[in-house]
Amino acid sequence: MKTEKSLKIIILLSLLFILVNLSSNVTQKTNQKEMAKTMNNVKLWLTTVDQKFMLSEVDINNPVVSDFRETLRIAVDSNKKYQQMDGFGASLTDASAWLIFHKLSEEKRIEVMKKLFGRNEGIGISFLRQPMGATDYTTKLYSYDDLPEGVKEDPELKYFSIKHDKQYIIPLLKLAMKINPELKIMASPWSAPGWMKTTGSMIGGSLLRQYYSVYAQYFVKFTKAYEKEGIPIYAITPQNEPLYVPKEYPGMKMTWEEQADFIGEYLGPAFEKEGIKTKILTYDHNWDNTIYASYVLSHPKASKYVAGSAWHFYGGKHEAMSQIKEMFPDKDIWFTEGSGGDWVPAFFNAFMDQMMHVIRIPRNWSKTVVWWNIALDEKRGPTILSNSTCRGLIEINQETGEVKYNLDYYTLGHISKFVLPGAYRINSYTYSSLETVAFENPNGTKVLIVSNRTNTNKKIIVEEGGREFEYIIPGYAAATFVWD
């Protein structure tokens, strides 16, 4: 009898245990559903490869596709913070500024500028890399110290002037700053004035040693002249792409030994003496060379004046920036130029390529993502190149005045419109088939950018702070999620 009684008690306890567990599981699932529902303030902007959606705001509760092959979980952790972002943008080159200023009516010009720099009306460009003088995309060759006929040199920089920029570049920069007061502007020269160089021209050659101190004063005068116009210069690089000397347009070779010497002995001390707080960035060239930046950043005299290194994407891999960051953790990273062009055909290839960069560049410590020309015309100009293959964010037809927004505008918009200056990159899980990068804005909002690298639809479950939401991302699509 005792055995039977004991058996009944065991069975009853077992049943009770099962019921409690069932109840607990039901409660847990209900709580999970309730937690998922609390993430009901998520907004979504989508771009699809068929171009039916182009940075379009869509309802997260009504996916544009219903079927999916796999489910991937993305954990976002704002407790793990990385670099603080400076901004995102492109370059208002001489060609770009000339087109916007001269080929658009005032009404159309303001509309275009708002779509570029406005965060509500447009993509909220917050960072510009401005050329100091002529580049390959220019209406003419010019520097800020071009000499009159018969004058061979100007060591006192008596002829220094930013008159050229005052015509249409500076007015547009002022308008951009009015539209977006958080805009940061850096500057880079493609060449020193020709009379300072071995070729006597802005094309080819290198800087003559006798003009190092004069060239440092050239930067001093430039930053002060722009500041006088109400345009503070946030950062400069001493030379654009210093290891490449083009034959058709301005350029100037500057080895890492020469740049370290120029910064350490001349430019750094000149800025220090004048109380100029503009940051000095080294290199400003491709990922396929890490010796240049590491040499300058470790140089005993130059390093104390250098805030970090600047990079382009025309060679090498993104991880080069992480390598330099690991070697010099107290120095920052900026990505300063990447152009769209015929070498990566639009739409599909270029879209996928640029979305990869939008994600991988900040994941490798860069504080910026900067494309190249803001605007070019229907012939990929104005330019002094015999054959232009670059593409601007927008295309302005010189004959009709029609404005076309290229894919570059939309890829940049996936990050520039939503990630505010001062945001921190935060941790997010990423996959080879589904790449992600996440940020926390100064106002507390979170941003997650996702690029589906495959042709299959994928369901994602995004978890952050004990809450979650889900969405089905179409194949080869890009999405930006924003939530409080």
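**Reading pockets, backbone features and helix packing**

Colleague: Which residues lie nearest the centre of the largest pocket, and how many line it?

Modeller: In this predicted model, 20 residues line the largest pocket, and those nearest its centre are Asp136, Glu241, Tyr249, Tyr314 and Cys390.

Colleague: What shows where empty space is left?

Modeller: The general idea is that a probe the size of a water molecule is rolled over the atoms, and this shows where empty space remains. In the present case, the largest pocket holds about 390 Å³ of space. Its lining consists of ten nonpolar, five polar and five charged residues.

Colleague: How much space lies in the second largest pocket, and which residues are closest to its centre?

Modeller: The second largest pocket contains about 310 Å³ of space. Its lining has 15 residues, and Lys43, Trp45, Phe418, Thr445 and Val482 are the closest to its centre. By class, six of the lining residues are nonpolar, five are polar and four are charged.

Colleague: Is the peptide bond from glycine 381 to proline 382 cis or trans?

Modeller: That bond is cis, and its omega is near 0°. Proline 382 belongs to the loop between strand 13 (375-377) and strand 14 (390-391). A cis peptide bond also joins alanine 346 and phenylalanine 347, where omega is about 5°. Phenylalanine 347 is located in the loop between strand 11 (340-341) and helix 9 (348-363).

Colleague: How should I read the angle between two helices? Let us take helix 9 and helix 10.

Modeller: The angle is compared with cut-offs: under 35 degrees, a pair counts as roughly parallel. Helix 9 and helix 10 (residues 407-416) pack at about 30°, with axes 10 Å apart. The two helices are therefore roughly parallel to each other, and their crossing is right-handed. Helix 9 contributes Ala350, Phe351, Gln354, Met355, Val358 and Pro362 to the contact, while helix 10 contributes Leu407, Asp408, Thr411, His414 and Ile415. By class, this contact has seven nonpolar, three polar and one charged residues.

Colleague: At what angle do helix 3 and helix 4 cross?

Modeller: The axes of helix 3 (residues 106-117) and helix 4 (residues 163-179) cross at roughly 55° and come within 10 Å. Helix 3 is therefore oblique to helix 4, and the crossing of the two is right-handed. From helix 3 the contact involves Arg109, Met113, Lys114 and Phe117, and from helix 4 it involves Leu172, Leu175, Ala176 and Ile179. In this contact of helix 3 with helix 4, six residues are nonpolar, two are charged and none is polar.

Colleague: How do helix 5 and helix 6 pack, and how far apart are their axes?

Modeller: Helix 5 (residues 212-228) packs with helix 6 at an angle of about 45°, and the axes are 9 Å apart. That angle makes helix 5 oblique to helix 6. The crossing of helix 5 with helix 6 is right-handed. The contact includes Tyr212, Tyr215, Phe219 and Val220 of helix 5, and Phe262, Tyr266, Leu267 and Phe271 are among the residues supplied by helix 6.

Colleague: How many nonpolar, polar and charged residues does the contact of helix 5 with helix 6 have?

Modeller: This contact has ten nonpolar, three polar and four charged residues.

How values were computed. Residues are numbered from 1 along each chain as its sequence is written. This is a predicted model: local features need pLDDT of at least 70, side-chain atom pairs count only at pLDDT 80 or more; totals for chains, interfaces and linings use all residues. Side-chain values use heavy atoms; hydrogens and water are left out. Axes are lines fitted to C-alpha atoms, for helices over the stretch in contact, and angles run from 0 to 180 degrees between N-to-C directions. Helices (H or I, at least four residues) and strands (E, at least two) are DSSP runs, numbered from the N terminus. Angles under 35 degrees count as roughly parallel, over 145 as roughly antiparallel, 65 to 115 as roughly perpendicular and the rest as oblique. A crossing is left-handed if the near helix is turned anticlockwise from the far one by less than a right angle, and right-handed if clockwise. Contact means heavy atoms within 4.5 Å. Ala, Val, Leu, Ile, Met, Phe, Trp, Tyr, Cys and Pro count as nonpolar, Asp, Glu, Lys and Arg as charged, and the others, Gly among them, as polar. On a 1 Å grid over the protein atoms alone, a cavity is a set of points where a 1.4 Å probe fits but cannot get out, and a pocket is an open set with protein on both sides within 12 Å along at least five of seven lines; lining residues have an atom within 4 Å of a point. Grid points are joined across faces, edges and corners, and a volume is the space filled by probe spheres set on the points.
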